[in-house]
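This report is written for a reader who is new to the structure shown below. Please look over the sequence and the model before reading on.

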Amino acid sequence: MSEHGTWVHAVSRGLSADRLAGITGVGGAPVRAVAAAGLVAVVATVDLAEYGEEALRRNLENLDWLTSVARTHHEVADAVARLGPVVPARLATVQLDDARVAAMLTEHHDDLTAALDRVEGRIEWGVKAYAVPAPTAPAEPAGAGGGAGRAYLMRKRARMTATETAERTAAADADRLHAALAGRSLEARHHPPQDGRLSGRPEWMVLNGAYLVDADRADDFADLVRELAPRHPGVTVELTGPWPPYSFTATDEREAATR
Amino acid sequence: MSTLQPRGQDPTNLADILERVLDRGVVIAGDIRINLLDIELLTIKLRLVVASVDTAREMGIDWWERDPFLSSRPRGPEVGAAPTGNEIESDGDRRAVEAEPVRDEGRLDARREETR
């Protein structure tokens, strides 16, 4: 087993190696191009002591390591997206050498080509919507009849009802928003909501959508999101991107059919 | 009331990046066989991408269960067994794990290639 391996960042095509100058891959080495079957894999040489199977297994559990690697992996995909069509590889796709990368491109040529066809000239927007919390119930004068215990229960019930109403409104608004955005994009995806501990927001995420749009109409879509947001008062809307088309690279038609 | 959040001080926050690089992008079996689903990373990943499944169901939001790609089997509401949501190794995480292989099914490489 060699002591180095080849980390696959992304697959592209029509990309000359010199255009990758200045892009640093995972592990700190400059990225390189491995060409085969009319495709180009953007790769970086990595030390198997850190990126081999056992090491990866251990390092992926380390949030600091994972954060750094994930950011670099993303930055490379983002940089390649500026140069041509890009299909980002799932994190931790590692081959033993460049020849194995070339073999992979050849073996999966048809699927990768289809994936590139699908995303060429397109970008991904992320739109998340959070439920707007229920307004806090106004304090009622104590002793309005029935005593403090009853007043407490009444307030509690009112608060629960308000919360439920706010959540239902948010869910309905999120559905309408997604439908509107899906109607103005080439493809759309519903992703599971992110947990608040990582989204960093206390509100409940009711929509985590991804939308594939033509790159030259990217701004139109962003404008649309800004225009639609105030019309959905039950949710707070967050736009992220443009992203490389991470959510639209699976070539499986069944996935495409779920939009 | 509703506002569009500005693109923000950090438009590519960590949660958004992790979600994309760990859960999306093309799956090609490499020589180094790392099945992301196998490792404890899952606990990070699931906290990341899956909010409280029970809370969602209570609100009638269960599109990932109705979605034939995301779910291969019906799972009844388990509201009565709702975990508090604070334990990483809670029941909620485990159920969410079950959905994972299905989501990846049919990508470039068959799941069996990653199964030891």
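How many helices and strands make up the secondary structure of chain B?

## Chain B

The secondary structure of chain B comes to 5 helices and 1 strand, where helices (H or I, at least four residues) and strands (E, at least two) are DSSP runs numbered from the N terminus. Along the sequence these elements follow the pattern β-α-α-α-α-α.

Of the 116 residues in chain B, 33% count as buried; a residue is buried if 20 or more other C-beta atoms lie within 10 Å of its own, exposed if 12 or fewer, and partly exposed in between, with C-beta atoms placed from the backbone. Two residues are in contact if their C-beta atoms, placed from the backbone, lie within 7 Å, and among the contacts in chain B between residues at least 6 apart in sequence, 71% join residues at least 24 apart.

## Basis of the model

This is a predicted model, in which local features need pLDDT of at least 70 and side-chain atom pairs count only at pLDDT 80 or more, while totals for chains, interfaces and linings use all residues. Residues are numbered from 1 along each chain as its sequence is written, and chains are lettered from A and ligands numbered from 1 in the order in which they are written.

## The largest nonpolar core

A nonpolar core is a set of buried Ala, Val, Leu, Ile, Met, Phe, Trp, Tyr and Cys residues joined through C-beta atoms within 7 Å. The largest such core has 83 residues, and those with the most contacts inside it are Ala41(A), Val206(A) and Val235(A). Helix α3 of chain A (residues 63-81) gives the most to this core, contributing 8 residues.

When neighbours within four places in sequence are left aside, Ala41(A) is in contact with Val8(A), Val11(A), Val34(A), Val101(A) and Leu105(A).

In helix α8 of chain A (residues 218-228), Phe221(A), Leu224(A) and Val225(A) are buried. Seen down the axis of α8(A), the buried residues fall within an arc of 100°, so they line one face of the helix; this arc is that of the directions from the helix axis to the C-beta atoms. On the other side of α8(A), Asp219(A), Asp220(A), Asp223(A) and Glu227(A) are exposed.

## Phe248 in its loop

Phe248(A) lies in the loop between β9 (235-243) and α9 (253-256) of chain A, and it counts as buried because it has 25 C-beta neighbours inside 10 Å. Not counting residues up to four places away in sequence, Phe248(A) touches Arg118(A), Val119(A), Glu124(A), Glu187(A) and Leu212(A).
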